Amino acid sequence: MGKKLNTPLTRVHIFGAGLAGLSAAVYCLQRGFEIRVYEAANHAGGRCRSFRDSILDCLIDNGNHLILGGNRGIFDYLRLIGADRGLQAVPNAFPFIDLKNAERWTLQPGNVKLPFWIFLPHRRIPGTHIKDYLVLKKLAAASPDSTLTNHVDPNSTMFKRFWEPLSNAVLNTDAREGSARLLGKMLELTLLRGPAFAQPFLTPKGLSAALVDPAIKYLAEHKCSITFGARVRSISFSGSQVENYIVGNEVVTCRKNDHIILALPPNEVAALVPEVTIPTKYHPIVNIHFKPNRLCLLPNDVPFIGIINGMCQWVFRKNNLLSVTISNAKDLVEQEANILASQAWQEIATIIPEKVIPLPPYRVLKERRATISQTPAQDILRPNSYTKWENLHLAGDWINTGLPATIESAVQSGQNAAETVEKSQIKKFP
Ligand SMILES: Cc1cc2nc3c(=O)[nH]c(=O)nc-3n(C[C@H](O)[C@H](O)[C@H](O)COP(=O)(O)OP(=O)(O)OC[C@H]3O[C@@H](n4cnc5c(N)ncnc54)[C@H](O)[C@@H]3O)c2cc1C
């Protein structure tokens, strides 16, 4: 890797400047390929970005994103673009509150080789038993067609207090339907690998500053810019090759050694190349950002807290903002913004130590296609990076990386696509 191949110059046309497209771009550059990046929107970052909000008059993220120490793909990507200091490690603990009875607890990842902590009642989730934890390690080997409920009792306290919030957060899918294997894989790479791998990281200066802008800078330093407002509209094939594509109003003919990486959401790929198999179902995420007129800390000044038996699932504090995340929000996404905000603020008011304060200015953000649905039936529809066309490759969090559709998967898929370009070059020019 990193070595230029002794072949005619490889040119890679990348569509989409979300994290998958940006990752594909930096890993292609690393291989010495010439690249062109086209993005339909007028900004990069896709589903993971920051923007200035006119109501709150400050920079906000399109949604709260949590990264864990075990997300090695993200850290490798950030190191490559010289930006591994943009993430902030926060206390290595996952605090929760149950709104039904105000019970609080904190999940703290312990030693994994000698997991004595599960024998200590005060370290376990209240109402759970040692046997509830034994399944954790087995899930990564679960069959691709099994759901969590094939392995865990859906009526147990462990289900309500651990599996439901985990499935919503990681799979953006109801725990009764979520893929056991995908969740098991995430656990294997993070919480079950030890405290360093479970370490939560946030982006105090925003998602774009941490994950997107440094990639744009890296591309610029390598004399590559992104063409914004450039939607790829069609792709034509000749035999086993992409022959040309239309971006904006321009028809671009591919040269002999050109490759295409589609780093687009599944529905966009299906519109361009109907023969590719794609997942067909999506789940929404709702985020509500509140800007109280004074600093409101969460209990014990934690940076985020998980909520059980509420509408809110997580509340984050970012500087003077309190931000709510509701994943798998199928039942709420059509609800009016003011109703969502009022209910969320009522719940927040019960957990913050401040005296009740009136509903502050807020912004409700609804990402209707936040991620694909991550049931076993949808998971098997995820295609690989390579396609039946020699010079067409795919990237995106929804590609078959073996990981849940998260930033880690997006970044990994970009690297995989760069690798498949390299491999097809080696095949052509041994
Ligand atoms: C609210 C929310 C919260 C989330 N929380 C987390 C979290 O806590 N942790 C985590 O790891 N992940 C989280 N995710 C998931 C994460 O954001 C995504 O996995 C990741 O951003 C996907 O990146 P991508 O590049 O695959 O796709 P996208 O970001 O969707 O990028 C695709 C890009 O293609 C562009 N495009 C579309 N059509 C065309 C076209 N025809 N031509 C050119 N360009 C086109 C789009 O404008 C977009 O920029 C969250 C997502 C959301 C929405």
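I looked up the domains first: the protein chain is divided into domain 1 (11-52 + 207-280 + 375-428), domain 2 (90-107 + 196-204 + 282-372) and domain 3 (110-193). The bounds come from an automatic or database domain assignment. I number residues from 1 along each chain as its sequence is written. This is a predicted model: local features need pLDDT of at least 70, side-chain atom pairs count only at pLDDT 80 or more, and totals for chains, interfaces and linings use all residues.

I checked confidence next. pLDDT is the predictor's confidence in each residue, from 0 to 100. The protein chain averages 93, and 96% of the residues score at least 70. Over residues 1-6 the pLDDT is below 50. Where pLDDT is low, the predicted coordinates should not be read in detail.

I then took domains 1 and 3. Their C-alpha centres lie 33 Å apart. The contact (C-beta atoms, placed from the backbone, within 7 Å) takes 7 residues from domain 1 and 13 residues from domain 3.

Last, I turned to α8. Helices are DSSP runs of H or I, at least four residues, numbered from the N terminus. In α8, I find Leu 340, Ala 341, Ala 344, Trp 345 and Ile 348 buried (20 or more other C-beta atoms within 10 Å of the residue's own, placed from the backbone; exposed means 12 or fewer, partly exposed in between). They cover an arc of only 125° around the axis, so they sit on the same side of α8; the arc is that of the directions from the helix axis to the C-beta atoms. The face turned away from this buried side carries the exposed Asn 338, Ile 339, Ser 342 and Thr 350.

Key: Helices (H or I, at least four residues) and strands (E, at least two) are DSSP runs, numbered from the N terminus. Two residues are in contact if their C-beta atoms, placed from the backbone, lie within 7 Å.
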